[in-house]
Amino acid sequence: MKYYIVIPAHNEQDLIGLTLQSLVSQTVLPSKIVVVNDNSTDKTEEIVLGFAKENPFISVVNKTSDAIHMPGSKVIQAFQKGFETLDSEYDIIVKIDGDLIFPSNYFETIINHFQSDPKIGMVGGFCYIEKNGDWVLENLTDKDHIRGALKAYRKETFQQIGGLKPAMGWDTVDELLCKYYDWKIVTDTSLHVKHLKPTGANYNKTARYKQGEAFYTLGYGFWITAIASAKLAMMKKKPFLFFDYITGFWKAKKAKTPLLVTPEQAKFIRKYRFEKMKQKLI
């Protein structure tokens with residue numbers, strides 16, 4: 001199976017080399033890697049071009065966008081720019097961040113999962129961050145969720161879910177739509193990926209209501225949003241974030257912000273979320 005990788009990158013000069021080194025050292029190499037240099041003011045492009053000289057399957061696309069780091073939309077617009085430069089001769093499309101180090105068997109293992117069952121639509125490993133000299137699981141989500149930093153999609157799945165949505169919540173709605181279209185999602189706990197920059201390190205203050213807005217656009221409704229907000233605020237050990245999330249939800253509702261899903265998909269998502277919550281309580 002051929003896999004293509006798209007890496008949105010903004011000022012990643014210190015880390016992108018480590019990511020690319022881990023990719024060119026894979027036991028099964030990618031057929032193509034596109035790094036989208038999104039408005040970088042450092043040597044990101046220079047470093048990628050250095051790798052491209054030795055590895056002709058690596059290319060750079062330059063993009064200019066707003067320098068403000070807004071969760072979701074900026075990164076997916078950059079991904080889209082890179083994706084548009086690719087042909088359709090791939091079996092698996094991968095979106096990763098430019099601050100990861102992959103074990104050498106990562107993509108060989110990912111391919112094996114896809115080959116094991118034609119109904120598997122998405123596969124991913126787990127992000128680990130460094131704490132006091134140890135690499136520990138970056139525990140922000142459930143074990144059945146694939147982090148936005150390292151998403152691998154079967155081509156047919158990617159097409160059926162309509163690609164990636166340029167909005168916060170893109171890395172949740174993709175999985176919910178996978179479930180809607182009856183694809184399986186596989187997370188492999190044996191795949192430990194080093195995440196060199198903890199999630200959310202660059203988010204600015206204007207992003208604080210975005211999570212609540214994302215819950216609204218996923219079609220969650222108020223009660224699921226309230227439960228999800230409380231859980232996320234506790235996981236981040238910042239209980240007051242709960243109020244920001246709820247404020248974001250009501251702002252989005254009042255503004256009639258368009259949903260990322262159809263009414264029918266939203267109904268399925270609410271039912272699915274309630275079922276999962278019930279299972280955890282039982």
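Modeller: A residue is called buried when its relative accessible area is under 20%, exposed when over 50%, and partly exposed in between, using a 1.4 Å probe and protein chains only.

Biologist: What share of the 282 residues is buried?

Modeller: Buried residues make up 50% of the chain. This is a predicted model, in which local features need pLDDT of at least 70, side-chain atom pairs count only at pLDDT 80 or more, and totals for chains, interfaces and linings use all residues. Residues are numbered from 1 along each chain as its sequence is written, and side-chain values use heavy atoms, leaving out hydrogens and water.

Biologist: How many residues does the largest nonpolar core have?

Modeller: That core has 74 residues. A nonpolar core is a set of buried Ala, Val, Leu, Ile, Met, Phe, Trp, Tyr and Cys residues joined through side-chain atoms within 4.5 Å.

Biologist: Which residues have the most contacts inside it?

Modeller: They are Leu20, Ile93 and Leu150. Strand β1, residues 3–9, gives the largest share of this core, 6 residues. Strands (E, at least two residues) and helices (H or I, at least four) are DSSP runs numbered from the N terminus.

Biologist: What does Leu150 touch?

Modeller: Leaving aside residues up to four places away in sequence, Leu150 touches several residues, including Phe102, Tyr106 and Val193. Contact means heavy atoms within 4.5 Å.

Biologist: Changing topic, how many helices and strands are there?

Modeller: The chain has 10 helices and 9 strands.

Biologist: And what does the C-alpha trace span along its principal axes?

Modeller: The trace spans about 55 × 40 × 40 Å.
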